[in-house]
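Visitor: I have a model open on my screen and would like to learn how to read it. Could you take me through it one feature at a time?

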Amino acid sequence: MTDSIPEVAVPGAPIARRFENKVVFVTGAARGQGRAEALRFAAEGADIIALDICEDLPLTDYPGSTPEDLAETARLIEKSGRRVRTHKVDVRDFAALRSALQESVAELGRLDVVVVNAGMVTAGRAWEIDLEHWNTTLDINLTGAFHTVKAAIPLMIEQATGGAIVFTSSVAGLKGLPMLADYVAAKHGVTGLAKTLANELAEYRIRVNSVHPHGVRTKLVPGILNLLDDHPEVAEFYQSTLPGEMSESEDIAAAIAWIASDEARHVTGVQLPVDLGRTNR
């Protein structure tokens, strides 16, 4: 006799309720992948702590999120019947991030899953990247990720009920994509941080994994499209294998919800590509 095969959750399919009575912390939650992740966990029964900078970043060529975006994320979560706490915080500000998280955990009662999602991207040849771009990219994508887990891990250890941490890395955290040296360096750092934490937190039953999207249809897309228009010689590095040029935010959210769930309870320290086959090229 064989065990039945569980239904696979895909965008548009019925949603499981794998996170009833859980609390999930999502950074970069005002829009795009972060919003999709927050809504996915809420649909599966979780209460949400949603954090975002809600400002334009002067170094990027796409608009930043807004307070209205974060309020809309909260409205949609509440519409699903779940509680939500929102915070307008820059992940580079460790003291503000830790204070916001501690405040929300005290109100909601626990912390079970951390989705380290906040990030930004700019493009340029490595030797032409100015120091301000380099430092900002690493500060937000890598140091901000470190700040997030540094604030969250003591709370999870003290709670002593295990849990999951999922980092949003990128194909750029596995491959040397041209024209993105600062982003590639930061996302490789995120990948390494996740690997180390998987070993350090195993004794506490806290699983740590990273998810690696390729192209995702978000506000960050114009910057990459401009890069390919300006430098067609690098286009082959951005091609996927499966048909379709980009994933949707909901595709990434579904993968993160699975790897954070008890269905993946024996999965830790892995790098999960959700990339239309890009890393297999």
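**Reading the sheet, the helices and the cores**

Guide: Gladly! Let's start with the sheet: seven strands, an open sheet of 7 in the order β3-β2-β1-β4-β5-β6-β7, pair in parallel. Keep in mind that this is a predicted model.

Visitor: Which strands are the edge strands?

Guide: They are β3 (84–88) and β7 (271–274), and each of them pairs on one side only. From one strand to the next, the twist averages 15 degrees.

Visitor: What holds strands of a sheet to each other?

Guide: In general, strands pair through backbone hydrogen bonds, in either a parallel or an antiparallel way. Here, take β1 and β4, whose parallel pairing runs over 3 bridges. To find the place on your screen, look for V26, which stands opposite V115 in β4.

Visitor: Which strands does helix α2 lie across?

Guide: Helix α2 (residues 67–79) lies across β2 and β3, and runs at about 170 degrees to β3. Helix α3 also packs on the sheet, where it touches β1, β2 and β3. The direction of α3 makes about 165 degrees with that of β2.

Visitor: Now for a pair of helices. How do α3 and α4 cross, right-handed or left-handed?

Guide: α3 passes α4 in a right-handed crossing. The axes of α3 (residues 94–108) and α4 (residues 131–159) come within 9 Å and cross at roughly 35 degrees. On the α3 side, the residues that meet α4 include L97, L101 and V105, while A151, A152 and L155 are among those that α4 brings. By class, this contact has 7 nonpolar, 3 polar and 2 charged residues.

Visitor: Which residues have the most contacts inside the largest nonpolar core?

Guide: They are L101, L111, I165 and F167, in a core of 33 residues. Elements giving two or more residues to this core include β1 (23–27), α3, β4 (113–116) and β5 (163–168). α4 gives the most, with 7 residues.

Conventions:
Residues are numbered from 1 along each chain as its sequence is written. This is a predicted model: local features need pLDDT of at least 70, side-chain atom pairs count only at pLDDT 80 or more; totals for chains, interfaces and linings use all residues. Side-chain values use heavy atoms; hydrogens and water are left out. Axes are lines fitted to C-alpha atoms, for helices over the stretch in contact, and angles run from 0 to 180 degrees between N-to-C directions. Helices (H or I, at least four residues) and strands (E, at least two) are DSSP runs, numbered from the N terminus. A crossing is left-handed if the near helix is turned anticlockwise from the far one by less than a right angle, and right-handed if clockwise. Contact means heavy atoms within 4.5 Å. Ala, Val, Leu, Ile, Met, Phe, Trp, Tyr, Cys and Pro count as nonpolar, Asp, Glu, Lys and Arg as charged, and the others, Gly among them, as polar. A nonpolar core is a set of buried Ala, Val, Leu, Ile, Met, Phe, Trp, Tyr and Cys residues joined through side-chain atoms within 4.5 Å. Buried means under 20% relative accessible area, exposed over 50%, partly exposed in between (1.4 Å probe, protein chains only). Two strands pair if DSSP finds at least two bridges between them.
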